[in-house]
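Have the structure open while you read.

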Amino acid sequence: MHPSKHRTARAAIALLVGALPLTLAAAGTGHAATPAAAGASTVAVAAVGLDDPAKKEIAMELVSSAENSSLDWKAQYKYIEDIGDGRGYTAGIIGFCSGTGDMLELVQHYTDLKSGNVLAKYLPALKKVNGSDSHSGLGSAFVNDWKTAAKDTVFQQAQNDERDRVYFNPSVKQAKADGLRALGQFVYYDAIVMHGPGTSSDSFGGIRAAAMKKAKTPAQGGDEATYLNAFLDARKVIMKQEEAHADTSRVDTEQRVFLNAKNFDLNPPLKWKVYGDPYQINA
């Protein structure tokens, strides 16, 4: 694995997390779906939602192939390193970052669930380094304690909770509102994992807004494939603006492969490549 290529971090900050539902809703207020289109989308989405346990497992494995060069996403609770992207430490199953606020939120949640845990003592340091790439008050001791905490099922649950609260649930909810089936829901989820929530042009909300200027969502009566292609095109523009994200294979040889095959329900078997490495999910 080449960490600089195979790990990505988000520029999400704690303040944006709180505003995410409003951000996502506001980005789509420019168009109203016709009753017929909205009804058809609701039926289709309800049948194949990414929040179905089997579909969610597929989503976790797809993201892990790009983030960790492995389908074994549960092995990543212990992952932690500084990949040199200016966001401090990147760690855990979704790449929580010490410099962007979500790692701080995670450790706080862990401490709420289990006071006196091995990471609780780093909360003051995490607050100080938030917004920077500093390791002040963290360092090798923090890295070792993170790996120790990763053996704790409470910390594993805390990571799952924060993944769902900040990234998975909001993106799937917005995708369903836009009339997208499981593939489109995953496209949204993968984008928010890398780019974070928000309204700036380089955030998930900004990418979605750019796509909606090019194509209507299915909920607005648009064609699902046309809209998803517009979204992926808009995302690639943003990815290429940052060296750490410049490799767009998770779009080109993964998501676009499923889209070109019209696998809107994201049904296995699935075959794709990320950074040239082949993966497959058979069932």
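Among contacts in the protein chain between residues at least 6 apart in sequence, 65% join residues at least 24 apart. Keep in mind that this is a predicted model. The chain has 12 helices and 5 strands, and buried residues account for 55% of its 283 residues.

**The core**

Let's begin inside. The largest nonpolar core holds 76 residues, and Phe142, Trp146, Tyr189, Phe231 and Leu266 are the ones with the most contacts inside it. Helix 9 (residues 182-195) gives the most to this core, with 10 residues. What does Tyr189 touch, if residues up to four places away in sequence are not counted? The list is Met60, Val63, Ile94, Arg163, Tyr167, Phe168 and Ser171.

Two packed helices are described by the angle between their axes and the distance between the axes.

| Helix pair | Angle between axes | Distance between axes |
|---|---|---|
| Helix 9 and helix 11 | about 15° | 11 Å |
| Helix 10 and helix 11 | roughly 130° | within 8 Å |
| Helix 9 and helix 10 | roughly 135° | within 9 Å |

Take helix 9 and helix 11 to start with. At about 15°, this pair counts as roughly parallel, and the crossing is left-handed. From helix 9, the contact uses Gly184, Val187, Tyr188, Asp190, Ala191, Met194 and His195, which meet Tyr227, Leu228, Phe231, Leu232, Arg235, Ile238 and Met239 of helix 11. By class, that contact divides into 10 nonpolar, 2 polar and 2 charged residues. Phe231, on the helix 11 side here, is also one of the residues with the most contacts inside the core.

Now bring in helix 10 (residues 204-212), whose axis crosses that of helix 11 (residues 224-239) at roughly 130°. Helix 10 and helix 11 are therefore oblique to each other, and helix 10 passes helix 11 in a right-handed crossing. On the helix 10 side you'll find Phe204, Ile207, Arg208, Ala210, Ala211 and Met212, and these meet Tyr227, Ala230, Phe231, Ala234, Arg235 and Ile238 in helix 11. The class count for this contact is 10 nonpolar, no polar and 2 charged residues.

That leaves helix 9 against helix 10, with the axes crossing at roughly 135°. This pair is oblique too. Tyr188, Ala191, Ile192 and His195 of helix 9 make the contact with Phe204, Ile207 and Arg208 of helix 10. By class, it has 5 nonpolar, 1 polar and 1 charged residues.

**Helix 12 and what comes after**

Which residues of helix 12 (residues 249-260) are buried? They are Ser249, Arg250, Val251, Glu254, Gln255, Arg256, Phe258 and Leu259. What these residues pack against is helix 4 (53-68), helix 9, helix 11 and strand 4 (270-274).

Follow the chain past helix 12 and the backbone gets interesting. Most residues other than glycine have a negative phi, and most peptide bonds are trans. Lys262, which follows helix 12, has a positive phi near 55°. Leu266, in the loop between helix 12 and strand 4, also has a positive phi, about 55°, although it is not a glycine. Is Leu266 buried or exposed? Its relative accessible area is 0%, so Leu266 is buried. Recall that Leu266 is among the residues with the most contacts inside the core. A cis peptide bond then joins Pro268 and Pro269, with omega about 5°, and Pro269 sits in the loop between helix 12 and strand 4.

Ser69 is a residue other than glycine with a positive phi, near 55°. You'll find Ser69 in the loop between helix 4 and strand 1 (80-82). With a relative accessible area of 22%, Ser69 is partly exposed.

Asn117 is in the loop between helix 5 (102-113) and helix 6 (123-129). Why does Asn117 count as buried? Its relative accessibility is 7%, and the cut-off for buried is under 20%. Asn117 touches Tyr110 and Thr111, leaving aside residues up to four places away in sequence.

Methods. Residues are numbered from 1 along each chain as its sequence is written. This is a predicted model: local features need pLDDT of at least 70, side-chain atom pairs count only at pLDDT 80 or more; totals for chains, interfaces and linings use all residues. Side-chain values use heavy atoms; hydrogens and water are left out. Axes are lines fitted to C-alpha atoms, for helices over the stretch in contact, and angles run from 0 to 180 degrees between N-to-C directions. Helices (H or I, at least four residues) and strands (E, at least two) are DSSP runs, numbered from the N terminus. Angles under 35 degrees count as roughly parallel, over 145 as roughly antiparallel, 65 to 115 as roughly perpendicular and the rest as oblique. A crossing is left-handed if the near helix is turned anticlockwise from the far one by less than a right angle, and right-handed if clockwise. Contact means heavy atoms within 4.5 Å. Ala, Val, Leu, Ile, Met, Phe, Trp, Tyr, Cys and Pro count as nonpolar, Asp, Glu, Lys and Arg as charged, and the others, Gly among them, as polar. A nonpolar core is a set of buried Ala, Val, Leu, Ile, Met, Phe, Trp, Tyr and Cys residues joined through side-chain atoms within 4.5 Å. Buried means under 20% relative accessible area, exposed over 50%, partly exposed in between (1.4 Å probe, protein chains only).
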